[in-house]
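Dear colleague,

Please find below the structure for your review. My notes on what was found in it follow directly after.

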Amino acid sequence: MSLRRFTGPLTRNLVRAPGRFGLGQVPERLEPDATTTVVCGYCSTGCGLRIHMRNGEAVNLSADTRYPVNLGMACPKGWEALAPLKSPDRATLPLLRKDGKQKPVEWDEALQAFTAKFKRIIAEHGPESVAFLSTGQIPTEEMFALGSLFKFGMGGIHSDANTRQCMATSHVAYKQSFGFDAPPFTYKDFELSDVLVFVGANPCIAHPIMWERVMMNKNNPKILVIDPRLTETAQAATRHYGIAPKSDLPLLYGIAHVLVREGWIDRDFLEAHVNGYEGFARHVASFTPASVAAATGISAAEIEELAGMIHDGKAVSFWWTMGVNQSHEAVRTAQALINLALITGNIGRPGTGANSITGQMNAMGSRIFSNTTSLAGGRDFLDAGHRREVAEALGIDPARIPAQNSLAYDQIIEGVCEGRIKGLWVIATNPLHSWPDGDKLRAALQNLECLAVQDMYATSDTARLADVFFPAACWSEKEGTLINSERRLGLFKKVSKAPGKALADFYIFRLIAEYWGCADVFANMESPEQAFEVMKRLSAGRPCDFSGIRDYQHIDEKGGIQWPYRGIGADEPQERRLFADGRFYTPDGRAKLLFDPVRPPAEPASPEFPLVLLTGRGTSAQWHTNTRTAKSAVLRKLYPAECYVELHAADAARLGIKPEEWVRVRTRRGAVRARAFIGTTVGLGRIFLPMHYDGVNALTLSEFDPHSRQPSYKHCAARIEKDS
Ligand code: SF4
C-alpha cells in the first residue's frame with residue numbers, strides 16, 4: 001500500500017505550494033472516517049495504535065489489541081500521542097535570522113540561505129567544517145535519506161545522532177561480541193524466563209508495556225534488579241541489589257567469579273560457540289565476593305545468592321538499558337552481561353538472552369541504516385566493497401562516499417566548541433537541553449557561522465538559537481518504517497495534516513538536494529516507499545536482512561516483521577529470537593568474551609561536592625526533554641510540574657532540609673532549583689534528578705565510554721544547598 005505517492009518531479013514550484021502534490025494532505029487511500037493502525041512514535045517498545053479519523057483527520061486513538069507487541073495496552077504517552085501535534089506552538093513556516101531576530105520566510109528563501117551558508121563554509125574551510133546531529137525519532141527512510149544527502153551529495157563527513165546518548169553502547173557491545181549489532185530477543189522472552197535480571201533498567205516506568213509482558217509471565221519468575229536506586233521496578237522485584245553507583249562492572253565480574261568457581265557454566269556451549277573462556281576465567285579470578293562486596297556495598301552473601309539464582313534458573317534473561325549504557329565503562333559492562341549469558345548457555349533459547357532494551361522508537365533504524373557512523377546495513381565506510389554496494393543501490397559513483405569515519409557526537413560538539421566546525425545542522429533533537437555541560441555548548445552554538453535546526457517546534461532551546469529553521473511534520477503526518485527493540489519493523493502512516501507549510505523531513509531533504517544541485521542522490525528514492533526498496537536491497541545477505549518484506553502493506557498485515565526476514569515462509573512465527581543454532585555473526589561464527597580491568601569514575605565525591613548525582617527517567621508520562629510531552633494537558637497532570645531531587649532522609653536531616661523545601665543542586669558545572677523529595681529511594685550520599693527538567697543534563701559531566709563514546713550521565717559529584 002502506498003499511502004501517498006509523490007506524484008511528480010520535485011521542483012521549486014513545490015516549495016511555494018506545498019499542498020500541490022499532497023504533501024500537506026491526508027492520504028487519499030484512507031477513507032475520511034476510517035480507523036487505521038500505526039506504530040507509536042515515542043519509545044522503542046513500538047506499540048501498535050489504532051487511529052480513528054473523522055473527515056480525513058485523526059481525532060482519537062486506542063491501543064491495538066491485535067498488535068503482537070502491546071496486545072491492546074499503551075502507556076500514557078501512547079494514549080496522548082495526538083496531543084503534541086495540535087500544540088499552538090507548532091512551527092508552520094521556515095525562519096531566517098535577520099538583524100539578530102528570527103523572521104518567518106518562504107521555503108525558497110530559507111533553502112537558498114541554507115545552501116549558500118553551508119556551501120560557503122565548505123568552500124572556505126573544507127568538508128570537515130560542517131556536521132549534522134540527528135535523532136532516533138524519525139523513520140528509517142528519512143535517516144537513510146539524510147545521511148545519503150549530507151555525505152554523498154553535499155560532501156560532508158561528520159554526522160551523528162542523539163542515539164549516541166542512549167544506544168551507542170549496546171551497538172558497540174553487540175558488534176564486538178556477536179559480530180553485528182543484533183539484540184537477540186523477542187518480547188515473548190519476558191513471558192518465558194524463570195529468572196529475569198534487570199541491570200540499570202526501570203521498565204515499570206521507562207518501558208511500561210515491556211513490564212506488562214513481564215507481568216504476563218506464568219512461571220512465577222524471580223525478578224532480580226541491580227540498581228543503585230530503589231526504582232519502581234526494584235520495588236516490584238523479588239530481590240533488589242542496591243549497589244553503589246557505577247559498581248555494576250565489578251559486581252558482574254564477581255557473579256562470573258562464583259559461576260566459574262562452582263563450575264556452573266555450560267561447557268558444551270562454550271566449546272562449540274564461544275571464544276575467550278580461559279582468559280575470562282583468569283580475569284574474574286580476582287573478583288572474589290569479599291572484594292566485590294567492598295566495591296559494591298552489598299554483601300558477599302548477596303553476591304553468592306545472585307550467582308546461585310542465575311545457576312538455578314532454567315531460562316535466564318539479562319536486560320539492561322541506560323544505567324549500563326550511560327557509563328564511563330559502559331561497553332565492558334554490557335559485555336559483562338553478555339558474558340554471563342554466554343558462559344551459562346542462556347542465549348538462543350526461549351526466555352533467555354543478553355538483551356539491551358533500546359530507548360527511542362527508531363534507535364535501531366538509526367544504528368543500522370542512517371549512514372552516519374556506519375554505512376547502511378551495518379556496513380563500514382572504510383571498506384571499498386561496502387562503499388560500492390551502497391553506491392550501486394543509489395545509482396551514484398562510489399567515489400562520492402567518504403572513505404573516512406565520522407567524528408562521534410562528543411567530538412562534533414568539541415569541534416564546535418573549538419571553532420573547527422562552523423556549520424551545524426540539527427534535526428529533531430535538542431542538544432542544548434540534553435547534552436552534558438550545556439552552558440559550554442550554548443556559547444559554542446552562538447559562535448557558529450550557521451546553525452540550522454529542523455524540528456516540529458521552533459520553541460526548543462536549540463531551535464531558538466537557529467540562524468535557519470525548517471518546520472517539520474511529525475509522527476502521524478508522514479509515512480515510513482521504524483525498527484523497535486526486538487528488531488521489528490513497524491509502519492508509520494500519514495493520518496494527519498502537518499500545520500501550515502511544515503513538510504515531512506524526507507521531502508525537506510529532497511528539496512535541499514535540489515537546491516544544492518545533488519538531486520541525483522535521490523534518483524532511486526523519490527518517496528519514502530522507494531527509499532524502503534533501496535534499503536531492502538541493501539539489507540539482503542546482511543544479518544539485518546529484511547529483503548523478504550513485500551512492501552509497506554505487508555508490514556501492516558503481519559503486525560510488524562522482525563529482521564531477519566527473507567520471505568522464507570508465510571507461517572513464520574510472529575516472535576522470533578536469534579542464535580538458536582549457536583552461530584554468531586563473527587567471521588568464525590563464534591561469540592567473543594570481552595573484558596577489561598575496572599576503572600573508577602572520573603569525578604568521585606569530594607569534601608566540596610560530597611554527594612553522587614544520578615539522573616534518569618522521571619515518570620512514564622515524560623519523554624526526554626519534555627519537548628512533546630509537556631504539550632499534553634493530560635500528561636502534565638501525571639508528573640510533577642517542578643523539578644525535584646530525591647535524597648536520603650539521613651542526608652536531609654544532616655543538611656536541615658525539610659520535605660518539599662526548595663533547594664539547589666550544584667555540581668562543578670552549575671546548579672538547578674529543585675524541591676526536596678526525602679525518602680529511601682536513594683541511599684546515603686546519593687541524590688537523583690529526573691533528566692526531563694531544564695538544566696539537569698547541563699549539570700552532568702562530559703565523560704565518555706572509550707569504545708562507544710556514550711556520555712556517562714549516571715555519575716558525578718554534587719552538593720545540595722539551601723535555596724536562599
Ligand atoms: S510504551 Fe512506548 S511505544 Fe508503547 S505506548 Fe508507551 S511510549 Fe508508545
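Helix α10 (residues 248-261) packs against helix α13 (residues 289-296) at an angle of about 165°, and their axes lie 9 Å apart. Axes here are lines fitted to C-alpha atoms, for helices over the stretch in contact, with angles running from 0 to 180 degrees between N-to-C directions. Helices (H or I, at least four residues) and strands (E, at least two) are DSSP runs, numbered from the N terminus. The pair α10 and α13 is therefore roughly antiparallel; angles over 145 degrees count as such, those under 35 as roughly parallel, 65 to 115 as roughly perpendicular and the rest as oblique. The crossing of α10 and α13 is left-handed, a term used if the near helix is turned anticlockwise from the far one by less than a right angle, with right-handed used if it is turned clockwise.

Please note that this is a predicted model, in which local features need pLDDT of at least 70 and side-chain atom pairs count only at pLDDT 80 or more, whereas totals for chains, interfaces and linings use all residues. Residues are numbered from 1 along each chain as its sequence is written, and side-chain values use heavy atoms, with hydrogens and water left out.

Helix α5 contains T169, which is buried at a relative accessible area of 0%. Buried means under 20% relative accessible area, exposed over 50%, and partly exposed in between (1.4 Å probe, protein chains only). Although T169 and D705 are 536 residues apart in sequence, their C-alpha atoms are 8.0 Å apart in space.

H707 is placed in the loop between β25 (686-690) and β26 (716-722). With 31% relative accessibility, H707 counts as partly exposed. From H707 to Q454 the separation is 253 residues in sequence and 30 Å in space, C-alpha to C-alpha.

As regards the ligand, the residues around it are C40, Y42, C43, T45, G46, C47, C75, K77, G78 and I209; a residue is included if one of its heavy atoms lies within 4 Å. This shell divides into 6 nonpolar, 3 polar and 1 charged. In that division Ala, Val, Leu, Ile, Met, Phe, Trp, Tyr, Cys and Pro count as nonpolar, Asp, Glu, Lys and Arg as charged, and the others, Gly among them, as polar.

The structure holds 0 disulfides, a disulfide being a pair of cysteine sulfur atoms within 2.5 Å. For C450, which is in no disulfide, the nearest cysteine sulfur is that of C518, 16 Å away. C450 counts as buried, at 0% relative accessibility. C474 is likewise in no disulfide, and the nearest cysteine sulfur, that of C40, is 12 Å away. C474 also counts as buried, at 7% relative accessibility.

Finally, some backbone features deserve mention. W563 and P564 are joined by a cis peptide bond with omega of about 0°, and P564 lies in the loop between β19 (561-562) and β20 (591-592). D99, a residue other than glycine, has a positive phi near 50°. D99 is in the loop between β4 (95-98) and β5 (101-104) and counts as exposed at 79% relative accessibility. S476 is not a glycine either, yet has a positive phi of about 80°. The loop between β16 (468-471) and β17 (477-483) holds S476, which counts as buried at 1% relative accessibility.

With kind regards
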